[in-house]
Amino acid sequence: MTDQPSMNPAVPARVWTATGWLVAGRLGATACGALSLFLLARGLPVATFGLITFWLGIFLLVDGWTDFGSSAVAVRESARERWALVPMLRATRRLRGVMALVAWFVLTAFSFARGETDAGWISLAALYPLSRTLEASAIVYQVEIAWRVPVALRFATAVARLAGFALLLYGDVERVAAYLGWHALVQTAGNTALWFAARARLPLSAMPVATPGSLAGVRFWRAALPLGLAGVCQQAYFWVDNLFLRGLRSHEELGLYNACVRLLTFAVLVATLATTAALPWLAQHERRGELGASVDRLAWPPFVLACVGVGLVYPHSGELLALVFGEPYRAAAPTLRWLWFAVLVIYVGAGLLTALVAAGRTKEVLFSTGTALLVNLVANACLVPSYGMEGAAIATVATEGVLTLLVYVLLRRAGDRPLARPMRFVGALVLGVLLGVASSIL
């Protein structure tokens, strides 16, 4: 009976509950991150702020590289066959360990080759992704769609990072390596704490041994490879903007642009977290032939929320930047206005891309994200030299648009019917425009 279509693929309450925990925790963590950026932007020169956010962006890219699709594969397979959880965790740890060492070698070579100040300390900080081999145990929470413990620990990590940054600023420390080192130390402690907390939920002796046909060893790597490369592509087309701006413009412009990107990251929280929480549920409904309808039910409420939020703040982008980061950042208002359009596209595309992952169509995920990265590289190369950070923002909008369109076409070709009622989404856009006009007038 469980394999028969339910005819009513409503999003279960536990998905929204998990999303609520994720959003609440991420809001708290993002508030800490925003306060950290607030303090750094006001306490450090714009150029130093730009360098710190540049390296933090690289570390975020390395986090995606270290995971390399392992968690998505482990969650998908464990949601389908619960006995597979422990073999998946073992394979995940092996993959993450190798990828973390590769990332460390590349970052060390990059730092010394460019003659970065404190390259040795940066190399030491780049070792922290090795702790993600321990953090792999937290996958059990994703499979169970129970996020309370990991959310609480991530929030504690964010608080600790904020406290350390505040102390460094209080001591008038301006060395970039000091802030990166504290970030690495806190991340390592948080990953270790997650491993310790998750052990109680892994009764290893009760788990069956993996069968020869299960995903293990080389087969696990092959399953994770497209998702891993796709994840790196997704992170890369956010980081590539930094590379172009740092190389072709200035550290000051890099700092202004990264302030806008931080607001974009905050704005897309609900979209990214809802799809993260819903991955096991989507994988189950894909087997019942209900993927398209399930994506619609998942994407519609957050998209309405995004249209309302963007409509209200769009006319006041300059004031928002000045309020959060300080008066010098008001100059980035045109850039932020472009990024608001990217926010709306992401709220549609996040659910579609997660549907491809849930269906196990990893090669199509890689094709879509790889194409998006190529679009981003070409757009940045054409626009950044002449238009600077505003050109980088336009490149981001184009990238997200191409990615969403590609994924939509691929889902339709496979017989799924996402966004079957497009007028609902058009109506939400109209609502956002009306609210934007009203907000501008008021």
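The protein's secondary structure consists of 17 helices and 0 strands; here helices (H or I, at least four residues) and strands (E, at least two) are DSSP runs, numbered from the N terminus. What you are looking at is a predicted model, in which local features need pLDDT of at least 70, side-chain atom pairs count only at pLDDT 80 or more, and totals for chains, interfaces and linings use all residues. Residues are numbered from 1 along each chain as its sequence is written, and side-chain values use heavy atoms, with hydrogens and water left out.

Let's begin with the whole protein. Of its 442 residues, 53% are buried, where buried means under 20% relative accessible area, exposed means over 50%, and partly exposed is in between (1.4 Å probe, protein chains only). The accessible surface comes to about 18,900 Å², and 68% of that belongs to carbon and sulfur atoms; these areas come from the Shrake-Rupley method with a 1.4 Å probe, and for residues only the protein chains shown count as cover. Contacts (heavy atoms within 4.5 Å) tell you how the chain meets itself: among those between residues at least 6 apart in sequence, 84% join residues at least 24 apart.

H4 has 29 residues and reaches 42 Å from its first C-alpha to its last, close to the 42 Å expected at 1.5 Å a residue; the expected span is 1.5 Å times one less than the number of residues. On the surface, Val98, Val102, Phe105, Val106 and Trp221 form a nonpolar patch with about 440 Å² of accessible area together. Patches are made of residues with over 30% relative accessible area and no salt bridge, with like charges joined within 9 Å and nonpolar side chains (Val, Leu, Ile, Met, Phe, Trp, Tyr) within 5 Å. Helix H4 (residues 85-113) gives the largest share of this patch, 4 residues.

Now for the charged side chains. The structure holds 8 salt bridges, each a side-chain nitrogen of Lys or Arg within 4 Å of a carboxyl oxygen of Asp or Glu. In one of them, Glu135 pairs with Arg96, and their closest N and O atoms are 2.7 Å apart. This pair links distant parts of the chain, with Glu135 in helix H6 and Arg96 in helix H4, 39 residues apart. Both Glu135 and Arg96 are buried. They also belong to a network of salt bridges that links Asp67, Arg96, Arg132, Glu135 and Arg154.

Another salt bridge joins Arg175 and Asp118, with 2.6 Å between the closest N and O atoms. Arg175 lies in the loop between H8 and H9 and Asp118 in the loop between H4 and H5, so this bridge ties together parts that are 57 residues apart in sequence. Arg175 is partly exposed, because its relative accessible area is 46%. Glu327 and Arg330 also meet through their side chains in a salt bridge (2.6 Å, N to O). Glu327 has a relative accessible area of 49%, so Glu327 counts as partly exposed, and Arg330, at 33%, is partly exposed as well.

Most residues other than glycine have a negative phi. Asp118, however, has a positive phi of about 60° although it is not a glycine. Asp172, in the loop between helix H8 (148-170) and helix H9 (176-198), likewise has a positive phi of about 60° without being a glycine. Asp172 is exposed, because its relative accessible area is 66%. Just after H4, Gly115 takes a positive phi of about 65°.

Finally, look at the rings. The structure holds 9 aromatic pairs: rings of Phe, Tyr and Trp (its six-membered ring) pair if their centres lie within 6.5 Å, and planes under 30 degrees apart count as stacked, over 60 as edge-to-face and the rest as tilted. Phe59 and Tyr128 have ring centres 5.5 Å apart and planes at 75°, so they are edge-to-face. Phe59 lies in helix H2 (residues 46-67) and Tyr128 in the loop between helix H5 (119-125) and helix H6 (132-135), so the pair ties together parts 69 residues apart in sequence. Both Phe59 and Tyr128 are buried. Phe325 and Tyr329 form a tilted pair, 5.6 Å centre to centre with 45° between the planes.
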